[in-house]
Structure formats: structure tokens, C-alpha cells
Amino acid sequence: MMKSARKLSYVEFPSQYVWNKSNKVWTRRKTKTKSLGIINHVSPKSGDVYYFRILLNKVKGPTCYGNIRTVNETVYESYKDACYALGLLDDDREYISSIYETHHWATVSFCGSLFVMLITSDSLSRPHHVFKETYNCLSDDVVHIREQEIGVRVLKLKPKAIFHLTLSYIEKSLLSCGLSLKQIPNMPLPDHKYIQDSCNMLIQDELNYDPSGGVFFLHGYGGTRKTFVWKTLFAAIRSKGEIVINIASSGIASLLLSGGRTTHSRFHIPINLNEDSFCSITPDNDVAELLNKARFIIWDKAPMTHRHCFEAIDRTLRNVILSSDKNKPFGGKTIVFGGDFRQILPVIQRGNRSDIV
């Protein structure tokens with residue numbers, strides 16, 4: 001009986017076996033009669049129950065739940081994974097492409113409505129995957145929509161706020177259809193804290209500043225407490241767990257900074273420089289990794305250094321930094337130069353005091 005049973009799926013089983021209620025066992029049918037096995041309908045929103053039902057129609061002769069999740073001698077963790085391994089589920093690529101195509105000619109609101117329609121019609125195998133793949137389309141104009149809702153011209157929202165605001169619009173549309181994101185497996189839920197902050201104009205005013213870094217120069221003659229400024233800056237940034245690189249053009253000046261190094265030592269600047277020189281740093285070495293993770297660079301006594309050093313470091317950082325800002329000066333890193341030009345008098349060869357002054 002078991003050999004025959006292994007060749008049958010759950011739906012086919014009643015065609016050859018009948019349930020004996022008194023003995024509570026399956027017995028082979030004595031007469032060949034036509035019978036129909038029926039499995040109740042299960043919605044895709046039911047999660048693993050839905051995928052379990054699919055496998056019952058395909059897997060023949062399972063003797064335990066583990067057998068149902070086994071494909072080519074591999075036991076998968078979930079029924080859904082087993083369905084994908086058997087090729088029983090679509091990967092939703094056609095729906096993802098449809099949303100992208102719609103985004104070229106329709107509004108973001110329409111793209112959101114399309115996504116909600118696909119969810120409510122049970123068309124998507126993995127709604128959370130489709131949301132992740134089409135997030136740029138669904139959130140493209142969310143800030144502008146929010147500006148119109150609250151009557152603000154320029155609304156500055158952080159990426160997390162945009163993310164949760166996008167989810168809130170989807171949730172609003174789903175609720176009008178009698179559904180919620182809470183009923184969709186693995187879908188993220190909107191955090192209304194971020195949405196409330198987007199309406200608080202006091203918070204928006206404080207966020208409406210340019211957060212980008214840049215190149216700065218702190219000038220001051222001796223005794224104006226430039227070193228105190230350096231210590232305050234790197235202490236504040238390091239307290240947040242960020243990396244600060246402290247360098248100076250001279251060895252004595254570098255000793256005044258915590259973890260300070262000379263410029264040539266830290267950046268591996270060649271001894272013989274010209275207008276096309278690069279530092280001895282490659283994108284795959286440890287120094288390049290340090291520079292990528294560094295949040296801030298402090299360079300004291302900068303006027304003592306030849307301009308070819310600055311140019312070499314600029315070219316090197318643009319080469320090794322792995323970010324969208326790598327084409328900005330010094331690879332987009334925030335760097336503060338400091339020094340006193342009064343301490344760096346011009347050198348006049350064979351000149352006397354009056355010539356130099």
C-alpha cells in the first residue's frame with residue numbers, strides 16, 4: 001500500500017484509497033470507481049497555508065511535512081521556498097516591469113494605485129519583493145504630494161520619512177479596499193512618527209540646512225587656539241562613533257593631535273612630486289578602506305605643504321573613494337585645513353631681509 005501511496009498526490013489519493021473511520025486508516029478501494037479529491041480554496045494572503053496547499057497538489061506520496069518541503073533531496077525551510085524550487089510560483093517580473101513602464105507616463109499616485117490593485121487581486125506572489133523592486137517608482141514624487149497636502153513649498157524629508165510616507169499612502173489605499181499592510185506577509189508597516197515630523201514645521205525649519213560637507217580653511221596666527229578647535233571637532237565627531245583622520249604637515253604639530261600622523265605618512269605621498277603625481281594608495285588596500293570610512297579629515301599646518309601634495313591627494317581620493325560624491329574635491333570628504341600664512345614667509349633665494357619683507 002505504501003509503495004502505491006508514494007506515487008499519488010494528496011488529491012489523487014482518494015481515487016485508490018478510502019478512509020476507514022472505525023479503524024482510522026486508509027484502505028485500498030476494492031472496486032474501481034471514479035472519485036474526486038477536493039481541497040478547500042486558500043487565499044494567497046494566508047501565507048504558508050497557501051503554499052502548503054499548492055504542494056499537496058504536486059508532491060506525490062509524502063509521508064511527513066518534511067517530505068512535502070523536500071525538492072531534489074533538499075529540505076527547504078518553508079513551503080514557499082519549496083514552491084519556488086519546483087518552479088510553481090512566478091517571480092512577479094512581469095508585474096515589476098508593468099509598474100516601471102507605467103512610471104514613464106503616469107503619476108506616482110497612479111503607480112501606487114496599480115500596486116494596490118495587484119495586491120487586492122491576489123496577482124502578486126511576493127508583494128514585499130515587488131514593493132522593494134519598484135520603491136523608486138512608488139516614492140518618486142511623494143515629497144511633492146506631501147507639500148501640496150500641507151501647503152508648504154519646500155519640504156525637506158529624510159529618506160526614512162519618505163519611505164514611511166510612501167507606505168502610509170499605500171496603506172490608505174488598501175484600507176479603502178478593506179485590506180491592510182498588516183495582512184500581507186513580510187510587508188513593512190508605516191511608522192507614523194516620521195509622518196508626524198514631516199508636518200511639524202518647527203522640525204522642518206531646523207532640518208532645512210545644507211548637510212553636505214566640503215573643504216574649509218581655518219586661518220589664525222599663533223596663539224589663537226586653533227589646536228583647541230581641532231580637539232573640539234574630533235572629540236565631537238568621534239563621540240558619535242565616526243572616524244576622524246588627524247594629520248599635520250610637520251611631525252611636531254602632529255603630536256598635538258590625538259592619533260595624529262604626518263601628511264606624508266598617512267597618505268603615502270611620494271618624495272618626488274610633480275603636477276601628475278598620485279599617492280601610493282590603491283583602492284583595495286587598508287588605507288583606502290580607512291579613507292572610505294572616515295567622516296572627517298583635519299589637516300593642520302597646511303600652508304607648509306607644496307600644492308603638488310594637495311593635488312596628489314585630491315586625485316588619489318577621487319580614485320579610491322567609493323561613493324556618488326567621489327568626483328567632488330577630495331572625493332567628497334569633509335576636510336578642514338588650518339594654519340597661519342604669516343608663519344610661512346616666501347623664500348627669496350639670496351635675498352636680504354628687505355627683499356623678503
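## Legends to the close-up views

**View A. Helix 6 (108-120) crosses helix 10 (159-176) in the right-handed sense.** A crossing is termed right-handed if the near helix is turned clockwise from the far one by less than a right angle, and left-handed if anticlockwise. The structure is a predicted model, in which local features need pLDDT of at least 70 and side-chain atom pairs count only at pLDDT 80 or more, while totals for chains, interfaces and linings use all residues. Residues are numbered from 1 along each chain as its sequence is written, and side-chain values use heavy atoms, with hydrogens and water left out. Phe115, Val116, Ile119 and Thr120 of helix 6 meet Ile170, Ser173 and Leu174 of helix 10, contact being defined as heavy atoms within 4.5 Å. Helices (H or I, at least four residues) and strands (E, at least two) are DSSP runs, numbered from the N terminus.

**View B. The largest nonpolar core contains 27 residues.** Such a core is a set of buried Ala, Val, Leu, Ile, Met, Phe, Trp, Tyr and Cys residues joined through side-chain atoms within 4.5 Å. Buried denotes under 20% relative accessible area, exposed over 50%, and partly exposed the range in between (1.4 Å probe, protein chains only). The members that touch the most others are Phe115, Phe131, Ile170 and Leu174. At least two residues each come from helix 5 (93-105), helix 6, helix 7 (127-133), helix 8 (135-139) and helix 10. Beyond four places in sequence, the neighbours of Phe131 are Phe115, Leu138, Phe163, Thr166, Leu167, Ile170, Met187 and Pro188. Another core, of 23 residues, lies apart from this one and includes Ile245, Ile269, Ala294 and Ile335.

**View C. Pro188 occupies the loop between helix 10 and helix 11 (192-199).** With a relative accessibility of 26%, Pro188 is classed as partly exposed. Its contacts, neighbours within four places in sequence aside, are Phe131, Phe163, Leu167 and Leu181.

**View D. Strand 6 (residues 243-248) pairs in parallel with strand 8 (residues 294-300) and with strand 7 (residues 261-262).** Because 5 of its 6 residues are buried, strand 6 is largely enclosed by the rest of the structure. There are 6 bridges between strand 6 and strand 8, and 2 between strand 6 and strand 7; two strands are taken to pair if DSSP finds at least two bridges between them. Ile243 has Ala294 as its bridge partner in strand 8, whereas Ile247 lies opposite Arg261 of strand 7. Ser254, in helix 14 (residues 251-254), is buried at 6% relative accessibility. Residues up to four places away not counted, Ser254 touches Ala248, Gly260, Arg261 and Thr262.

**View E. Strand 1 (residues 17-20) and strand 2 (residues 25-28) run antiparallel and form a hairpin.** The two strands are joined by 4 bridges, with Val18 opposite Thr27 of strand 2. Between strand 1 and strand 2 lie 4 residues, and Lys24 in this turn has a positive phi of about 55°.

**View F. Asn72 and Phe330 are residues other than glycine with a positive phi.** Most residues other than glycine have a negative phi. The phi of Asn72 is near 55°, and that of Phe330 is about 55°. Asn72 sits in the loop between strand 3 (70-71) and strand 4 (74-75) and is exposed, at 72% relative accessible area. Phe330 sits in the loop between helix 17 and strand 9 (335-339) and is buried, at 9% relative accessibility.

**View G. Thr316 belongs to helix 17 (residues 307-320).** Thr316 is buried, with 3% relative accessibility. Neighbours within four places in sequence aside, Thr316 contacts Phe278, Cys279 and Ile281.
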